[in-house]
Amino acid sequence: MNKKPLILGIESSCDETAASIISENGKGNPIVLSNIVSSQVDVHKEFGGVVPELAARSHIEKIDWIVQKAIDDSGIKIEDIDAVASTAGPGLIVCLSVGLSFGKALAGSLKKPFIAVNHLEGHALSPKLNSELNYPYLLLLISGGHSQYLSVKNLGEYKRLGTTIDDAIGEAFDKTAKLLGIEFPGGPQIEVLAKKGDPDRYNLPKPIFNKGGCNLSFAGLKTAVLKITKEIKNDQEKFDLAASFQKTIIEILFKKTKIAFTEFEKQIKPKEKKFVVAGGVAANKGIRNMLINLCKKEKYNPIFPPIELCGDNAAMIAMVGLEKFKLKKFDNLDYPGKPRWPLDEKAAFLKGAGVKL
Ligand code: KG4
Ligand code: ZN
């Protein structure tokens, strides 16, 4: 029997240092042998956001033992690794450089192939770690830095259907949390507070709701939240604002996802209609439930990564590594870190004031 590939994935693009070993079972489905994630939340808490210099220093301190632990926990020997896959972008360059250099050095010393991975492609393929998923599919990527609808035709073949023209959804959650006095990263806490509040208490704006196809915009929401927080007098009003904010996001995603479905079908004419939702915000149960219900109505198969693989992790980086390894798509050891690396490189840059939709 052929030896199943053993791939080491390394992730250090932002504030999580992570390493993972994955392989395949007898049916050719991926299996996660280890998945170690060390978050830097405590390092950045007092600053209310990620401080690049501190993040990089923390990656440097941890990377050796995180990779060692991933190898130890998987039960394999280091020399059995078939390829090393590191995130090469997008992200903070000082952070990316840590995992990228470590991965290249390890691959070089083991004399095994090195694979440079796009972090966003990691999120895009993350549901493959727990469910059978073949191309093509529609992807909604919602994280701290990105909010995009993409049609995924094949490995590395992406067509962007819509994107945010200002803030990412995760960013909007984190900024709203900050305005409500919740410690960084507050996104997940908004969901907790929203459960205790009245979602109909505040009427918040839905920027570009009736135009711009499935492009998204959240900056106006943050401004509205800021105005209301100045008048908030008690905890109940805080909970109501969290609930109203989350409801507004859900309504925006409901409408924009329907538009994305139509555009995807026009473009791809898929035999099976599959909708993948990935990235940190995919952990939000309110958003999940709405999208699952919408999929039922529109005859789509909704596919989510397990909650623990929604946020940044290295198993998803190893997943891309595994697919590229099987296609012998390897990279040189001088592969650069890329702070900006869109999945659809041909799509127009759509950010900033004065964007015409
Ligand atoms: O994918 P991710 O871990 O990192 C990036 O690549 O950005 O996403 C992190 C983002 C943060 O903005 C965080 O607040 C948000 O995902 N997030 C959530 C929830 N869990 C994480 N936002 C809303 N509800 C959640 N339950
Ligand atoms: Zn991410």
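**View 1. Backbone contacts of ligand 1.** A polar backbone atom of Gly-144 lies 2.7 Å from an oxygen atom of ligand 1. At Gly-145, a backbone N or O atom is 3.5 Å from an oxygen atom of the ligand, and at Gly-280 a polar backbone atom is 3.0 Å from one. Polar contacts are pairs of N or O atoms within 3.5 Å; within protein, one atom must be able to donate a hydrogen and the other to accept it, and residues adjacent in sequence count only if both atoms are side-chain atoms. The protein buries 84% of the 550 Å² that ligand 1 exposes when taken alone (Shrake-Rupley accessible areas, 1.4 Å probe; for residues, only the protein chains shown count as cover).

The model is predicted: local features need pLDDT of at least 70 and side-chain atom pairs pLDDT 80 or more, while totals for chains, interfaces and linings use all residues. Residues are numbered from 1 along each chain as its sequence is written, chains are lettered from A and ligands numbered from 1 in the order written, and side-chain values use heavy atoms, without hydrogens and water.

**View 2. The shell around ligand 1.** Of the 19 residues around the ligand, Gly-144, Asp-174, Glu-191, Gly-280 and Asn-284 come nearest (a residue is near if one of its heavy atoms lies within 4 Å). The shell divides into five nonpolar, eleven polar and three charged residues; Ala, Val, Leu, Ile, Met, Phe, Trp, Tyr, Cys and Pro count as nonpolar, Asp, Glu, Lys and Arg as charged, and the others, Gly among them, as polar. Domain 1 (7-129 + 309-326) and domain 2 (137-304) each give at least three residues to the shell, with bounds from an automatic or database domain assignment.

**View 3. The zinc site.** His-119 (NE2), His-123 (NE2) and Asp-312 (OD) coordinate the zinc ion (ligand 2) at 2.1 Å. Donors are N, O and S atoms within 2.8 Å of the metal (3.2 Å for Na, K and Ca); water is not among the atoms, so sites may look incomplete. The four donor atoms subtend angles of 92 to 140°, so the arrangement is irregular; four donors count as tetrahedral if all angles lie between 85 and 135 degrees, four as square planar and six as octahedral if opposite donors are over 155 degrees apart and all others between 65 and 115, and anything else is irregular.

**View 4. Two cis peptide bonds.** Gly-89 and Pro-90 are joined by a cis peptide bond with omega about -15°. Tyr-135 and Pro-136 are also joined by a cis bond, with omega about -5°.
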